[in-house]
Amino acid sequence: MKNKLKSIYRKYLRQKTKIKNFIFGDYNYKKFVIISRSRTGSTLLMALLNDHPNIICEGELFKVLNGKSCKTIWKTFYGKKPKKIQQVGFKLFYYHPFDEDKQVWDFIKNEKDVTIIHLVRENMLRAFVSQKIGEKTKKWTENINRPHKLELDSKKVSLDYDECLETFTKISSYESQVRKDFRDFNFVELSYEDLNKDKDNAIEPVFKALGVPYKKVKTVMKKQNSEHLHDLIQNYNELLNKFKDTEWEYLFK
């Protein structure tokens with residue numbers, strides 16, 4: 001009953017916001033898209049952007065269309081927004097949507113004034129391990145107010161060599177394709193590693209690309225799985241030997 005009431009209240013708030021924007025809002029904003037993959041800190045980046053008073057950033061709007069078309073979702077999302085908003089965007093993974101309708105990519109490419117924020121993770125092995133740990137523990141995010149306190153043994157995973165190789169190759173290809181497809185756009189790239197090391201410096205060029213005033217932003221989100229890879233991967237040495245003297249050896253260092 002409690003969850004049902006919360007759901008009703010959330011729907012009420014969304015409807016209230018839509019009505020308010022329809023009456024008092026306008027279209028005087030620009031668009032941006034975060035292009036990335038899972039486990040690269042996209043939720044962290046989204047939270048930081050939403051802490052800026054002139055930005056609205058939503059999540060994976062086009063992951064699953066649920067019977068709607070990309071055109072319908074696009075037009076609905078890019079409706080009227082509060083007058084103070086200067087930039088409106090969402091995040092889109094390389095392989096979204098999972099549905100047959102892929103038109104969202106055409107919409108983005110036809111919007112020549114859209115800003116592309118390309119978020120990458122330099123260590124693709126870390127991202128892959130994080131994905132597998134999330135699948136195992138069902139814990140995808142963590143914040144400083146509600147830490148998971150998971151024991152190391154509960155997070156350890158064993159990885160398949162062929163699946164690792166396929167993932168590294170595919171993600172590398174996706175990254176190269178995005179850089180190629182959007183080279184003539186207002187384009188900014190940042191890494192998960194830089195964002196975690198110094199979020200203020202890492203996000204400054206993003207604000208510059210979006211044309212919004214710089215502001216120190218914050219989030220309660222907390223980094224997960226900070227242990228060394230050889231502690232998280234049960235067959236670490238086996239993989240290390242198999243990837244030795246390959247282009248992916250650096251991921252194990």
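Guide: A residue counts as buried when its relative accessible area is under 20%. The model shown here is predicted.

Visitor: How much of the protein is buried by that cut-off, as a share of its 253 residues?

Guide: Buried residues account for 43% of the 253. The protein exposes about 14700 Å², and 50% of this comes from carbon and sulfur atoms.

Visitor: Take T40 as a case. Is T40 buried or exposed?

Guide: T40 has a relative accessibility of 0%, so it counts as buried. In the secondary structure, T40 sits in the loop that runs between β1 (30-36) and α2 (42-50).

Visitor: Which residues are in contact with T40, neighbours within four places in sequence left aside?

Guide: They are L119, R121 and Y192. T40 can also be placed relative to F128, which is 88 residues away along the chain; their C-alpha atoms are separated by 9.7 Å.

Visitor: What share of contacts in the protein between residues at least 6 apart in sequence joins residues at least 24 apart?

Guide: The share is 79%.

Visitor: Now the secondary structure. How many helices and strands does the protein have?

Guide: There are eleven helices and five strands. To read how two helices pack, take the angle and the distance between their axes, then the residues that meet.

Visitor: At what angle do α5 and α7 pack?

Guide: Helix α5 (residues 124-137) packs against helix α7 (residues 161-181) at about 120 degrees, and their axes are 10 Å apart. An angle from 65 to 115 degrees would count as roughly perpendicular, and one over 145 as roughly antiparallel. The α5 and α7 pair is therefore oblique, and its crossing is right-handed.

Visitor: Which residues of α5 and α7 meet?

Guide: From α5 come M124, L125, F128 and K132, and from α7 come E163, C164, T167, F168, I171 and S172. By class, the residues of this contact are six nonpolar, two polar and two charged. F128 is the residue already mentioned for its C-alpha separation of 9.7 Å from T40.

Visitor: And how far apart are the axes of α3 and α4?

Guide: The axes of helix α3 (residues 70-77) and helix α4 (residues 103-110) are 8 Å apart, with a packing angle of about 50 degrees. That angle makes α3 oblique to α4. The crossing of α3 and α4 is right-handed. On the α3 side the contact is made by C70, K71 and W74, and on the α4 side by Q103, V104, F107 and I108. These residues divide into five nonpolar, one polar and one charged.

Key
Residues numbered from 1 in each chain as written. Predicted model: local features only at pLDDT ≥ 70, side-chain atom pairs only at ≥ 80, totals over all residues. Heavy atoms only, no water. Axes fitted to C-alpha atoms, helices over the stretch in contact; angles between N-to-C directions. Helix = DSSP H or I, 4+ residues; strand = E, 2+ residues; numbered from the N terminus. Parallel < 35°, antiparallel > 145°, perpendicular 65-115°, else oblique. Left-handed = near helix turned anticlockwise from the far one by under 90°. Contact = heavy atoms within 4.5 Å. Nonpolar A, V, L, I, M, F, W, Y, C, P; charged D, E, K, R; others polar. Buried < 20%, exposed > 50% of the residue type's maximum accessible area, 1.4 Å probe, protein only. Areas by Shrake-Rupley, 256 points an atom, 1.4 Å probe, with all protein chains shown as cover.
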